Amino acid sequence: MATDELSSKLNRRLKIEEGGQDPVAVDGDHPNGSDEQEKPTTANADSELGAKLQRRGEMNDGVGEHQQRSMKVFNPYTEFKEFSRKQIKDMEKMFKQYDSEKDNFIDLMELKLMMEKLGAPQTHLGLKNMIKEVDEDLDGKLSFREFLLIFRKAAAGELAEDSGLHVLARLSEIDVSTEGVKGAKTFFEAKVQAINESNRFEAEIRQEQEEKKKEAEDRKQRQAAFKNLQSAFK
């Protein structure tokens, strides 16, 4: 019996290899029905992987989701060297004055209010064009750096006289008629002018420190005088 059974198994194996008989499920093998159930699962996995790869490609190309905002630290005094510290502080004061939401941005409505306060109201389209001209990250609002770009363009004569940004810079009462290193004719003149700019920057810092020191001394003297006045009535 064992020999007959072994012979029967060998015959089935030969027929399977020759294609004359469909394979028979044995222990540990999945039946045909199970294979058909696994095929859709594999197809779904491939589809999901393809979708993820497509989304990743779109993000790399800047399509679809917004790219993450750069974490680079912005220093206005080093990037906008053509302006003095006082000029930049005046611009910062003006920026914060109209940043009513205190989110470090000037949006369309805040820019609308600014232009109305300056006596040069703009249309909705005009306001959008003003932002668009310096909106480097395309977020539809002005950061402080983009706000400074307005005055850089104004000082360089890059703004049309009838543009809203030119009107803003002109009515802001911030004098930006300075010429930086770009105006030097030769390399030597540029180096000398760069040194002068550095010395001016240091002098402005010392002046600010001296003014703060003087204010502190004056405040101390007023407090001492007030105490003396109080003691005289005791």
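The model is a predicted one, in which local features need pLDDT of at least 70 and side-chain atom pairs count only at pLDDT 80 or more, while totals for chains, interfaces and linings use all residues. Residues are numbered from 1 along each chain as its sequence is written, and side-chain values use heavy atoms, with hydrogens and water left out.The buried residues of helix 6 (124-134) are Gly-126, Leu-127, Met-130, Ile-131 and Val-134. Seen down the helix axis, they fall within an arc of 135°, so they line one face of helix 6; the arc is that of the directions from the helix axis to the C-beta atoms. These buried residues pack against helix 5 (108-117), helix 7 (144-155) and helix 8, where contact means heavy atoms within 4.5 Å.

Overall, the protein has 9 helices and 0 strands. Helices (H or I, at least four residues) and strands (E, at least two) are DSSP runs, numbered from the N terminus. Buried residues make up 23% of the 234 residues. Among contacts with a separation of 6 or more, 51% join residues 24 or more positions apart.

Helix 6 and helix 8 (residues 164-171) pack at an angle of about 85°, with their axes 9 Å apart. This makes helix 6 roughly perpendicular to helix 8. Axes are lines fitted to C-alpha atoms, for helices over the stretch in contact, and angles run from 0 to 180 degrees between N-to-C directions. Angles of 65 to 115 degrees count as roughly perpendicular, those under 35 as roughly parallel, those over 145 as roughly antiparallel and the rest as oblique. Met-130, Glu-133 and Val-134 of helix 6 meet Gly-164, Leu-165 and Leu-168 of helix 8. By class, this contact has 4 nonpolar, 1 polar and 1 charged residues. Ala, Val, Leu, Ile, Met, Phe, Trp, Tyr, Cys and Pro count as nonpolar, Asp, Glu, Lys and Arg as charged, and the others, Gly among them, as polar.

Turning to helix 5, its axis comes within 10 Å of that of helix 6, and the two cross at roughly 105°. Helix 5 and helix 6 are therefore roughly perpendicular to each other. Leu-108, Leu-111, Lys-112 and Met-115 of helix 5 make the contact with His-124, Leu-127, Lys-128, Met-130 and Ile-131 of helix 6. Within helix 5, Leu-108, Glu-110, Leu-111, Met-114 and Met-115 are buried. They cover an arc of only 160° around the axis, which puts them on the same side of helix 5. Met-109 and Lys-117 are exposed on the other side of helix 5.

The largest nonpolar core has 33 residues, and Phe-147, Phe-151 and Leu-168 have the most contacts inside it. Such a core is a set of buried Ala, Val, Leu, Ile, Met, Phe, Trp, Tyr and Cys residues joined through side-chain atoms within 4.5 Å. Helix 4 (85-98), helix 5, helix 6, helix 7 and helix 8 each supply at least two residues of this core, and the largest share, 6 residues, comes from helix 7. Leaving aside neighbours within four places in sequence, the contacts of Phe-151 include Phe-83, Met-91, Met-94 and Leu-168. Phe-83 lies in the loop between helix 3 (76-79) and helix 4, and counts as buried at 4% relative accessibility.

Note on methods: Buried means under 20% relative accessible area, exposed over 50%, partly exposed in between (1.4 Å probe, protein chains only).
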